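Welcome! Please take a look at the model shown here, and then read on for a short tour of its ligand site and its domains.

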Amino acid sequence: MHDKMKWFRDARFGMFIHWGLYSMLGGHYNGKETPDAVGEWIMRHMRIPLAEYKKLAGSFDPVRWDAEAVVRLCRDSGMKYLTFTTKHHDGFAMYDSKVSDYTIMHTPFGRDILKELQYWCGEYGITLCLYYSQMQDWEDPDGDGNDWDFDPSKKNFEAYFRRKVCPQVTELLQNYGPIGMMWFDTPYDMPEALCRELRELVLSLQPDCIINGRIGYGLGDYLCTGDNCMPTRPWKTAWELPMTLNHTWGYRPDDTDWKSPSAVIEALSQAVSMGGNLLLNIGPDPLGQVPEESVRILREVGSWLEDFGESIYGAGASPEFPYCLPWGGFTMKDNTLYMHLLRYPARRELAVYGFLTEVRSIRELRTGKDVPFSVFYDPARNEKRLNLILPDPTSVVDTVLKIELAGPMRTADAPV
Ligand code: FHN
């Protein structure tokens with residue numbers, strides 16, 4: 001049976017791109033810093049009059065933008081899909097929209113960067129996905145969120161939905177080839193009937209397009225976690241964690257508090273060990289360049305994935321163990337288990353309690369070197385455990401052992 005979620009579950013790692021007029025401000029307006037960490041909300045957080053904010057379009061000219069380099073970075077970082085902000089809450093279309101003039105085509109740059117991304121994603125085998133803010137729109141008098149230029153009591157949201165959202169979503173799904181996913185955001189109190197209509201519209205145009213959970217009312221094909229929120233245990237449904245590399249989605253040169261490559265690798269293997277995906281953000285600068293530090297971090301993650309990607313792509317959660325695993329966690333693919341040693345034990349003997357399935361072999365994933373193991377039955381707890389003699393680590397972050405099982409993985413039940 002055709003499973004439209006398969007590519008998403010196999011992919012496990014995607015690139016999020018937040019880029020728009022807000023990137024030009026870098027978190028500052030009129031010499032003042034925006035009060036919140038995120039740069040892309042600056043228009044609202046600083047109540048910038050629409051007429052002023054719109055002037056940014058007059059000088060948007062990211063001459064260093066290179067769609068091929070960005071998609072290549074995505075591929076080299078081991079990411080399998082790319083989710084691009086076609087219209088964020090500020091209402092500005094980062095593609096050639098005919099619905100209004102508030103688009104990238106009406107800037108000195110005047111290039112349809114979404115067409116460029118579509119082309120290069122095709123060349124590099126990356127699935128193109130589109131972010132679209134369906135409720136908040138600070139440019140439109142009837143969109144949600146701008147109560148400093150427009151009187152909220154006069155808003156007619158449904159009029160906005162029909163005038164801008166539906167036609168733009170139609171353009172996006174008609175003009176840019178097959179789209180892997182529509183990534184909606186902040187539905188707030190959007191009426192459920194309109195969310196349903198939006199879902200129907202997407203599926204009528206591209207039946208295979210996945211819809212993320214933030215369409216609202218549980219109408220999505222999978223769940224999005226809160227931003228930067230890692231679940232504590234596996235979820236039954238497919239899920240995705242959107243994550244920033246520093247503390248903002250849109251470009252902010254003053255935020256240099258970057259996550260380390262190790263933290264990203266750990267988040268990725270943790271997410272997969274709980275059956276989820278990681279969507280990791282970059283925020284290009286006003287010239288279209290990806291911040292150097294983001295590139296450096298992503299390349300290191302990519303180099304780890306070159307060696308250990310087998311334990312991530314197409315892998316998912318293993319059954320839960322009755323005890324916590326202080327050294328890391330497991331990912332699993334059919335009858336193969338991948339043991340992620342994120343905190344490498346000082347002692348080389350390691351025991352995994354409650355491990356019930358017969359083991360055929362254990363190898364270090366990168367070198368293929370055999371790892372000695374034995375199974376021990378402990379009558380005191382009436383429980384089996386797997387004992388291993390760990391090899392030298394082959395990664396400073398996450399050494400992975402590949403465990404071939406004789407059958408489906410089973411763990412002891414916690415006696416609760
Ligand atoms: O408000 C947005 C925010 O700017 C950013 O786009 C994130 C990404 O997940 N989504 C919303 C907040 O959750």
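In this briefing, Ala, Val, Leu, Ile, Met, Phe, Trp, Tyr, Cys and Pro count as nonpolar, Asp, Glu, Lys and Arg as charged, and the others, Gly among them, as polar. With those classes, the shell around the ligand holds six nonpolar, four polar and four charged residues. The model is predicted, so local features need pLDDT of at least 70 and side-chain atom pairs count only at pLDDT 80 or more, while totals for chains, interfaces and linings use all residues. Residues are numbered from 1 along each chain as its sequence is written, and side-chain values use heavy atoms, with hydrogens and water left out.

**Around the ligand**

- There are 14 residues around the ligand, and His-18, Glu-40, His-89, Asp-185 and Asp-227 come nearest; a residue is near if one of its heavy atoms lies within 4 Å.
- A polar side-chain atom of His-18 lies 2.7 Å from an oxygen atom of the ligand.
- For Asp-227, a side-chain N or O atom is 2.7 Å from an oxygen atom of the ligand.
- For His-88, the distance from a side-chain N or O atom to an oxygen atom of the ligand is 2.8 Å.
- On its own the ligand has 330 Å² of accessible area, and the protein covers 89% of that (Shrake-Rupley method, 1.4 Å probe).

**Two domains**

- The domain assignment, automatic or from a database, gives domain 1 (6-311) and domain 2 (318-405).
- Their C-alpha centres lie 38 Å apart.
- The contact (heavy atoms within 4.5 Å) takes 13 residues from domain 1 and 19 residues from domain 2.

**Salt bridges between the domains**

- The rule finds four salt bridges across the interface of domain 1 and domain 2, each being a side-chain nitrogen of Lys or Arg within 4 Å of a carboxyl oxygen of Asp or Glu.
- Arg-233 forms a salt bridge with Glu-320, and their closest N and O atoms are 2.8 Å apart.

Notes: A polar contact is a pair of N or O atoms within 3.5 Å; within protein, one must be able to donate a hydrogen and the other to accept it, and residues adjacent in sequence count only if both atoms are side-chain atoms.
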